[in-house]
Amino acid sequence: VGIILFRFLNRWRVTKYNKKFIRGLHNLKPARTGCVATIGSFDGVHLGHRAILKQLIDKASELRLPSVVMIFEPQPREFFTGEQAPARLMRLREKVEELIEVGVDKVFCLQFNRSLRSLSATDFIEQVLISGLKIRCLVVGDDFKFGHDRSGNYQLLKKFGCENNFDVIDTCTLEYQDKRISSTWIRSAINVSDFTLAKCLLGKPFRITGCVIYGQRLGREIGVPTANVQLKRYSAPLSGVFVVEVIINGRFLPGVANVGIRPTIGDLVKPVLEVHLLDFNEDIYGQRIHVEFKSKIRGEKNFSSVDLMAKQIHSDIQSATKYFSKK
């Protein structure tokens, strides 16, 4: 009953966000007043992004218009480079939730496909910005490129703005230690397990969020039950075994987690997140959890036997227990 109720509430929450989440031009309702919009990947929704979002929301409030963030799915770089694309800091749902919780009125998502990729810069402005969004003000960086072969730029937007009665405003830049905050910098920090720096750049601890799914139950067989979360991506921004804190329905629980492809078992191509909660024995299948990374214990290893792997996992649990005992 608990899992059924949770899934019902989870669907309700998604529906609540869907009221502000628009997929595709065909789902845009005719607008009479227009909007103030910005465009970008917004991966991680870090402090630099939040500065842009504040700029967007303030301008929308000044003009008494709705604020809109336009994103793409997949992200353009993922479309062009596939598995070679940088690992995402957050999944689409997490991103949409963050953007809306910041205060954005609408999140507009365009599918990045061959059709959109072949759209000229002029057609993008006319079909998406002018006809679709009824844009009144666009907040983008002066290095913004768009359209087929990235032929569109800030100057072209300015030209169309003058001709079609919409403003184009350059985004503000936020720095930390004299360096511009970026998703690339955050990925680098996470990759070397500098979670303190990542928190400074994100404005919040780095977390991975997802629903607990049924796995092979191998962990339970060796006395270490795990909550498994599919990452649904080719790569993760980190790999190995970590001390983590897991948030479940407002509770903060200590744990140890593995992010990787389980080379000893050899059953995965895409990475998965496996979390063992310390001194915990509740059924949380189907529940949505937030896994906050604290410290790295070791890299992922390929063991010659399951017994050796189990011995190392128990050692990892002891390391996590010691970490929390010092807190």
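Analyst: One definition comes first: a residue is called buried under 20% relative accessible area, exposed over 50%, and partly exposed in between, with a 1.4 Å probe and protein chains only. The model is a predicted one: local features need pLDDT of at least 70, side-chain atom pairs count only at pLDDT 80 or more, and totals for chains, interfaces and linings use all residues. Residues are numbered from 1 along each chain as its sequence is written, and side-chain values use heavy atoms, with hydrogens and water left out.

User: How many salt bridges does the rule give?
Analyst: The count is 14 salt bridges. The rule asks for a side-chain nitrogen of Lys or Arg within 4 Å of a carboxyl oxygen of Asp or Glu.

User: What is the relative accessible area of E282?
Analyst: E282 has a relative accessible area of 45%, and therefore counts as partly exposed. Its salt-bridge partner is R251, with the closest N and O atoms 3.0 Å apart. The pair links distant parts of the chain, 31 residues apart: E282 is in the loop between strand 13 (272-277) and strand 14, and R251 is in strand 12 (residues 251-260). R251 is also partly exposed, at 36%. The numbering of these elements follows DSSP runs from the N terminus, with helices being H or I runs of at least four residues and strands being E runs of at least two.

User: Which side chain meets that of E97 in a salt bridge?
Analyst: That of R288, with an N to O distance of 3.3 Å. E97 belongs to helix 4 and R288 to strand 14, so this pair links distant parts of the chain that are 191 residues apart. E97 is buried, with a relative accessible area of 7%. R288 is buried as well, at 8% relative accessibility.

User: And R88 with E78: are they buried or exposed?
Analyst: Both R88 and E78 are buried. Their side chains form a salt bridge at 2.6 Å, N to O. R88 lies in the loop between helix 3 (76-81) and helix 4 (92-102), while E78 is in helix 3, so the pair ties together parts that are 10 residues apart in sequence.

User: Which residues are linked in a network of salt bridges?
Analyst: The network is made of R207, E245, E292 and K294.

User: Turning to the sheet, in what order do the six strands come?
Analyst: The order is 1-4-3-2-5-6, in an open sheet with parallel pairing. Strand 1 (21-23) and strand 6 (167-170) are the edge strands, each pairing on one side only. Two strands pair if DSSP finds at least two bridges between them. Strand 1 and strand 4 (residues 106-111) have three bridges, in the parallel sense. Within strand 4, C109 is the residue opposite R23.

User: What does helix 2 lie across?
Analyst: Helix 2 lies across strand 2 (35-39), strand 3 (67-73), strand 5 (135-140) and strand 6, and runs at about 165 degrees to strand 2. Helix 4 also packs on the sheet, where it touches strand 1, strand 3 and strand 4, and makes about 170 degrees with the direction of strand 3. Contact means heavy atoms within 4.5 Å. Axes are lines fitted to C-alpha atoms, for helices over the stretch in contact, and angles run from 0 to 180 degrees between N-to-C directions.

User: Which residues of helix 9 are buried?
Analyst: In helix 9 (residues 195-202), these are F195, L197, A198, L201 and L202. They lie on the same side of helix 9 because they cover an arc of only 155 degrees around the axis, the arc being that of the directions from the helix axis to the C-beta atoms. An α-helix has 3.6 residues a turn, so residues three or four places apart point the same way.

User: What do those buried residues pack against?
Analyst: They pack against helix 2 (47-63), strand 7 (175-176), helix 8 (183-191), strand 11 (240-248) and strand 14 (288-298). Just after helix 9 comes G203, with a positive phi of about 85 degrees.

User: Now the backbone: which peptide bond is cis, with omega near 0 degrees?
Analyst: The bond from E73 to P74 is cis. P74 is in the loop between strand 3 and helix 3.

User: What is the phi of N165?
Analyst: N165 is not a glycine, yet its phi is positive, at about 65 degrees. N165 sits in the loop between helix 7 (154-164) and strand 6, and is exposed at 64% relative accessibility. Q177, also a residue other than glycine, has a positive phi near 50 degrees. Q177 is in the loop between strand 7 and strand 8 (179-180), and counts as exposed at 61% relative accessibility.
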